[in-house]
Amino acid sequence: MVALLNGDCLEQMKTLPDNSVDGIVTDPPYGISFMAKKWDYDVPKVEVWKEAMRVLKPGGHALIACGTRTQHRMVCNIEDAGFEIRDVVSWIYGSGFPKSLNVSKAIDKAAGAEREVVGKKKRDAGSKSAHAFESSRSLEFDITAPATPEAKQWDGWGTALKPACEFFTLARKPLSEKTVAANILKWGTGGINIDRCRVGEETLPAQKAGQSKIGTFKRDDMVTPKRQGRFPANLIHDGSQEVLELFPETNKDSAARFFYCPKASKKDRDEGNNHPTVKPTALMQYLCRLITPTGGVVLDPYMGSGSTGKAAVKEGFSFVGCELDKDYYKIAKERIGNDDAVD
Ligand SMILES: C[S@@+](CC[C@H](N)C(=O)[O-])C[C@H]1O[C@@H](n2cnc3c(N)ncnc32)[C@H](O)[C@@H]1O
């Protein structure tokens with residue numbers, strides 16, 4: 001079942017029954033006026049999360065994306081609505097671009113002083129982070145020397161770090177039963193699917209009966225023994241060279257312990273998708289899988305171009321999505337490929 005609702009999510013969610021969805025995976029406005037978009041002027045209010053909680057089954061989880069600057073406001077509103085905050089999953093990537101003001105240049109500009117060009121520098125297209133104090137995206141830029149003594153004093157100072165992470169708050173609607181076990185038996189919700197989200201499960205080569213690294217096997221048990229993957233962590237990364245280099249040199253494989261997923265590629269976005277903040281399908285699949293029971297319903301109140309819906313359907317879940325903007329809604333409809341969208 002797929003139901004796509006065009007309109008304000010607070011109003012649209014009011015049309016859904018109590019305790020009718022199994023998980024919420026969403027990427028709401030971060031409240032940073034991204035690319036001057038009107039829809040991004042604030043994080044969702046407490047009343048939106050209250051409505052989302054009414055629709056969610058007791059013990060159901062929500063994974064809610066947010067950026068570094070407004071995470072505190074997002075989480076307060078989620079908690080004030082009545083959710084329990086269980087964790088924060090960090091998604092680390094190397095492709096962010098620093099939007100930092102060059103303080104020295106700004107001082108010279110304010111003083112009306114012209115800076116001498118002392119060289120040219122090529123931006124490494126593969127590593128946008130190479131020039132932390134430049135905000136221009138051109139491939140080549142001038143290197144200039146400070147003109148005034150004050151600019152010289154503040155040479156090398158900026159105003160922002162390179163963005164390298166986003167967060168998903170993991171929240172849970174309070175249980176209706178006394179224990180997690182009783183709640184899961186009643187509603188199917190309350191836990192997270194550890195085994196379906198283990199990282200790096202692999203089939204070992206056929207072995208002889210006896211002792212192996214992972215235990216003792218009789219010959220019959222051992223046709224395709226599997227090494228159990230790593231326990232899912234509250235850290236996800238994009239697998240980029242830049243991020244891999246952050247992991248300890250002493251253990252080259254340490255990054256492989258974590259689920260990794262790069263930002264959405266052109267192909268993943270799908271034809272004609274001009275949404276500015278598309279999340280990768282594989283990441284949303286992993287998150288849906290983590291919190292949704294088999295065959296359950298995933299809700300995304302802020303579906304944008306429908307990445308959560310596409311992911312949920314690929315994982316065999318039902319999906320309910322809301323989107324305010326008519327054009328994004330149409331893109332979502334195309335991407336999720338459903339027959340029962342509600343205009
Ligand atoms: C960060 S984007 C989601 C992008 C999405 N993850 C994707 O991959 O395309 C947030 C979306 O929420 C929508 N939105 C903002 N306020 C809304 C509201 N009150 N009700 C429903 N949708 C809303 C915006 O139009 C925007 O498309």
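Of the 343 residues of the protein, 45% count as buried, where buried means under 20% relative accessible area, exposed over 50% and partly exposed in between (1.4 Å probe, protein chains only). This is a predicted model, in which local features need pLDDT of at least 70 and side-chain atom pairs count only at pLDDT 80 or more, while totals for chains, interfaces and linings use all residues. Residues are numbered from 1 along each chain as its sequence is written, and side-chain values use heavy atoms, with hydrogens and water left out.

**Overall fold**

- The protein has 11 helices and 14 strands; helices (H or I, at least four residues) and strands (E, at least two) are DSSP runs, numbered from the N terminus.
- Among contacts between residues at least 6 apart in sequence, 74% join residues at least 24 apart, a contact being heavy atoms within 4.5 Å.
- The protein exposes about 18400 Å², of which carbon and sulfur atoms supply 53%; accessible areas come from the Shrake-Rupley method with a 1.4 Å probe, and for residues only the protein chains shown count as cover.

**Ligand site**

- The ligand is surrounded by 21 residues, and the closest are Asp8, His275, Ser305, Ser307 and Glu323; a residue is counted here if one of its heavy atoms lies within 4 Å of the ligand.
- By class, this shell has 10 nonpolar, 7 polar and 4 charged residues. Ala, Val, Leu, Ile, Met, Phe, Trp, Tyr, Cys and Pro count as nonpolar, Asp, Glu, Lys and Arg as charged, and the others, Gly among them, as polar.
- A nitrogen atom of the ligand is 2.6 Å from an N or O atom in the side chain of Asp8.
- For ligand oxygen atoms, the distance to a side-chain N or O atom is 2.5 Å at Ser307 and 2.6 Å at Glu323.
- On its own the ligand has 610 Å² of accessible area, and the protein covers 95% of it.

**Salt bridges**

- Side chains of opposite charge can pair when their charged atoms come close.
- The count comes to 20 salt bridges, each being a side-chain nitrogen of Lys or Arg within 4 Å of a carboxyl oxygen of Asp or Glu.
- Lys57 and Asp22 form a salt bridge with an N to O distance of 2.8 Å. This pair links distant parts of the chain, with Lys57 in strand E3 (residues 56-66) and Asp22 in strand E2 (residues 21-26), 35 residues apart. Both Lys57 and Asp22 are buried.
- Arg54 and Glu51 form a salt bridge at 2.6 Å, N to O. Both lie in helix H2 (residues 46-55), 3 residues apart, about one turn of the helix. Arg54 is partly exposed, with a relative accessible area of 24%, whereas Glu51 is buried at 12%.
- Glu177 and Lys186 form a salt bridge at 3.5 Å, N to O. Glu177 is partly exposed, with a relative accessible area of 27%, and Lys186 is exposed at 52%.

**Met13**

- Met13 lies in helix H1 (residues 9-13) and is buried, with a relative accessible area of 0%.
- Met13 and Val48 are 35 residues apart along the chain, and their C-alpha atoms are separated by 8.8 Å.

Notes: A polar contact is a pair of N or O atoms within 3.5 Å; within protein, one must be able to donate a hydrogen and the other to accept it, and residues adjacent in sequence count only if both atoms are side-chain atoms.
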